[in-house]
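Student: Please go through the labels used for this model and show what each one rests on.

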Amino acid sequence: MDELKIIESFKSGNKQAFGLIYDMYIDKVYEFIYYKTYDREIAQDITSDTFFKAIKALDKFDTTKENASLKAWLFKIAYNNVIDFYKKKKEEVGLDDILEIGTENNFSLDIDNKEKLKEVLDYLKTIKQEHREILIMRIWDNLSYEQIASITGKSEDNCKKIVSRTLVKINSNITLAILVLLNNNIF
Amino acid sequence: MKREVNEILQELYELDPNLVEKEAELTKIISKMIKVKPEVTLDKQFRTELKQQILSELEKQESGFSIKNLLGYVGIFASGAIALALIINIFPNIISKPVDTIIDKQTGNLNLAFNTSIEKLDSKRAFGDLNIGELEEGIAGVGGGGVMGMGGDVMFEGSSKMTVLPDPDYKPKIYVYNYKEVGELPEISENMYVYKKDNKPLKISDSDIKKIFNTDIIDLDKFKNLGISNLNLYEDAKNGYNINLDLQVGTLNVYRNYNMWPQRDYMQEKRLSISDVPSDEKIISIAKSFIEKYSINLDIYGNLVVDDIWRKQYENSDNKDDYYIPTIINVISQLVLDDIGVYETYGNPYGLNTTVDINDMQVNSIGSIEKINLVGSEYPLITDKDEILNQAKKGTYFQNPRIYGETKENFEEIQVEIGNPKLVYLRKYTYKEGKSEEYFVPGLMFEVLTPSNNEKGIYPGEYVTVPLVKDFIESENSFISEPYIY
């Protein structure tokens with residue numbers, strides 16, 4: 001399905017076409033936000049805010065731009081909303097803080113994923129925040145480097161280097177501990 | 001998972017081929033990371049409710065209504081012991097009563113009369129210079145500008161300049177419109193009028209408001225010079241509608257009160273195919289029945305016509321199976337002035353829009369029903385064919401980005417063929433001292449023949465429109481010289 005055509009339809013006045021965009025991206029956007037908050041209610045609030053901002057801004061989306069990506073555009077709104085959320089909470093922006101918050105129960109970790117999340121978070125905490133976010137965007141969110149670059153404002157090459165270095169670092173420094181955990185099926 | 005891991009690895013090898021030596025370890029780490037990805041399931045009820053809220057908000061935006069407006073009035077109407085000794089006559093007055101909105105002293109009714117008037121002045125250039133003004137620069141930037149800082153797009157540097165962000169792979173498209181002559185241009189009378197919309201707000205006085213609203217929750221008498229900007233009414237009945245009246249602008253919109261309609265599970269709804277779309281006649285008959293039922297006056301509007309822009313896009317699409325068939329179809333009753341149809345500058349007919357939901361074959365909304373008061377005056381027009389065509393070659397105003405300090409080599413030039421034009425009225429704005437004024441001005445509308453919209457990512461628009469009023473041409477050209485690149 002050509003999402004750019006849907007956007008043009010929206011821009012030409014068929015506002016209800018947004019329903020299709022919503023169906024296409026609601027799960028992905030929610031997941032993207034969830035991986036940065038690990039809290040269902042917060043993720044729902046930010047998801048809602050993201051889509052309301054999207055309907056206000058979609059008329060400005062330039063479909064003529066080469067490689068125009070609605071997915072990256074939506075995720076960028078979501079990314080900024082997550083940052084805004086934590087700024088409002090007067091917390092320093094970053095997953096480090098989110099992880100600390102989660103473990104200190106200032107926010108309730110999603111109960112269904114609690115055990116699994118705790119192990120994952122303990123693991124991820126060992127990686128530099130900025131690198132971890134980009135690694136998650138590539139491996140969990142399945143975003144292309146072009147899309148990650150668009151969302152984070154970094155170059156594609158830089159994003160690739162970060163993923164590469166992070167994986168190598170994991171391999172050289174903490175592989176043993178992690179693999180012991182993984183092989184024991186703790187996750 | 002294997003394909004996913006390989007894809008990630010190949011990307012990394014492109015960056016550093018030496019990583020191949022660590023393939024086994026990297027594969028293990030990436031695989032495990034994928035494996036420990038938390039399971040995330042979005043709550044079904046949340047998903048459905050959010051979608052309904054968003055579609056409802058979009059519907060309200062289309063009809064000039066917003067949640068913020070509604071909340072403002074909920075605050076007033078929900079405030080306890082309010083005695084509303086108020087009878088509001090809306091629809092009948094749209095056609096019958098030739099007075100502005102005031103409380104009728106004898107009946108106590110609030111009369112909301114949408115009287116239409118068109119006055120033609122003898123004096124020429126009665127509205128002074130028609131200059132698009134400084135503000136439209138900003139508006140143009142909205143149409144042609146960037147999206148939230150995404151790389152390579154055209155962005156404003158300030159209020160009057162744009163620049164290109166440093167993305168070497170991105171080449172903005174510039175459209176060059178070539179006229180294909182297949183006949184004569186329509187005859188343009190120099191005596192055509194420029195019409196200015198001269199709607200006065202439907203004002204309800206401070207004293208009348210204080211008589212109407214009698215509440216013990218706050219002392220309204222302490223507020224000075226109260227006014228009412230919007231009235232929001234709802235129909236508390238099965239398949240009911242909301243009515244929004246904007247007293248400042250003089251518009252009325254009707255749209256579904258979704259709380260009173262069957263809730264739909266959008267996730268389960270089948271996508272429409274072209275064969276599901278009823279005939280234009282059927283859609284028009286639904287719109288017409290609604291208009292007649294509520295006695296909406298169409299005297300200044302033309303015949304009901306189905307808006308078929310989506311169908312043109314469908315016909316032009318490479319893969320018709322993938323094309324999204326809209327569930328809401330718009331039926332336009334175009335405003336007609338001096339037997340000439342009025343259009344938006346981007347080519348859509350301007351007038352009353354009645355939308356029909358083809359899922360349940362009922363009217364979704366109608367709006368904006370306008371209080372139209374027009375004053376006409378003659379202005380000098382361009383009638384010279386070469387001058388008109390020279391203007392048409394630039395495309396519709398701001399079709400192309402305005403870019404400073406760049407050369408044509410940095411742009412992809414798209415040749416577009418346009419055919420014979422028709423004479424129209426165009427809806428235009430001027431901006432003076434921070435206020436906008438709305439005009440309907442004589443113009444020509446050229447149909448874009450080739451390429452089709454969205455063909456290979458090319459979007460030249462469906463039409464090129466040229467206002468014929470010299471004031472507009474001169475002020476627009478003062479912003480666009482040579483013709484796109486500064």
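Tutor: B:Arg125 lies in the loop of chain B between strand E5 (117-120) and helix H6 (135-144). Helices (H or I, at least four residues) and strands (E, at least two) are DSSP runs, numbered from the N terminus. The model is predicted: local features need pLDDT of at least 70, side-chain atom pairs count only at pLDDT 80 or more, and totals for chains, interfaces and linings use all residues. Residues are numbered from 1 along each chain as its sequence is written, chains are lettered from A and ligands numbered from 1 in the order in which they are written, and side-chain values use heavy atoms, without hydrogens and water.

Student: Why is B:Asp339 called exposed?

Tutor: Its relative accessible area is 78%, so B:Asp339 counts as exposed. B:Asp339 sits in the loop between strand E15 (328-337) and strand E16 (340-343) of chain B, and its phi is also positive, near 65 degrees.

Student: How do you know that the peptide bond from B:Gly367 to B:Ser368 is cis?

Tutor: Its omega is near -20 degrees. B:Ser368 belongs to strand E18 (residues 362-370) of chain B. Most peptide bonds are trans.

Note on methods
Buried < 20%, exposed > 50% of the residue type's maximum accessible area, 1.4 Å probe, protein only.
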